[in-house]
Amino acid sequence: MIEYQPYSDDTEFTVPSYPNRENESDETLRARLLYQSRKRGISENCIILSTFFAEQGPGLSRKVLDQFDVLINTVDSDWDLYYWITGKDAPPPPYDNEVLALLKEFTQNKDMKDRTQQPDLY
C-alpha cells in the first residue's frame, strides 16, 4: 500500500489517513474498487470512475490500484475530485500521480465511447 503522509499547505488542505489493507488479494481489491467506484458521491464521478475501472482496472498494476484506492476513498469533496479528473483544477501533490493522469486521459474520451451508464458488477 502506498504510504501517504498528511499533506498541508497554506490552504490547510490535508489528506486523511487511510487504513492499509494488508493481505488483501488482487482479486478482492479489484472487486472492492469496482463496487466503491460506483458509489462515489455525485453521479458524474460514479460514471467516470466506474467506467474507467471496468475498462482499465483489470490491467492496472498493484501500485496504480493502490493509488486509485486512496483517491476514491480519501478525497472529501466530490467536486474537487471531479475537477481534478477532468483537468479543470490541478490536484495537490499527494494525488498528482499515475492513476490521475490515466483518469484525465480517460475523461477526454477520444474514441467517443458511450459511457453513460455504470458497468455491471461481477
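Guide: Helix α2 (residues 43-56) packs on helix α5 (residues 98-108) at about 105°, with axes 11 Å apart. Helices here are DSSP runs of H or I, at least four residues, numbered from the N terminus. Axes are lines fitted to C-alpha atoms over the stretch in contact, and angles run from 0 to 180 degrees between N-to-C directions. α2 is therefore roughly perpendicular to α5 (65 to 115 degrees). On the α2 side, the contact (heavy atoms within 4.5 Å) uses I48, L49, T51, F52, E55 and Q56. V99, L102, L103, F106 and T107 supply the α5 side.

This is a predicted model: local features need pLDDT of at least 70, side-chain atom pairs need 80 or more, and totals for chains, interfaces and linings use all residues. Residues are numbered from 1 along each chain as its sequence is written, and side-chain values use heavy atoms, without hydrogens and water.

Now α4 (residues 78-86). The axes of α4 and α5 come within 7 Å and cross at roughly 75°. This pair, too, is roughly perpendicular. W84, I85 and T86 of α4 meet L100, L103, K104 and T107 of α5.

Next, R115, in the segment after α5. R115 is buried, at 18% relative accessible area (buried means under 20%, with a 1.4 Å probe and protein chains only). Leaving out residues up to four places away in sequence, R115 touches I47, T51, E55, F106 and N109.

Note on methods
Helices (H or I, at least four residues) and strands (E, at least two) are DSSP runs, numbered from the N terminus. Angles under 35 degrees count as roughly parallel, over 145 as roughly antiparallel, 65 to 115 as roughly perpendicular and the rest as oblique. Buried means under 20% relative accessible area, exposed over 50%, partly exposed in between (1.4 Å probe, protein chains only).
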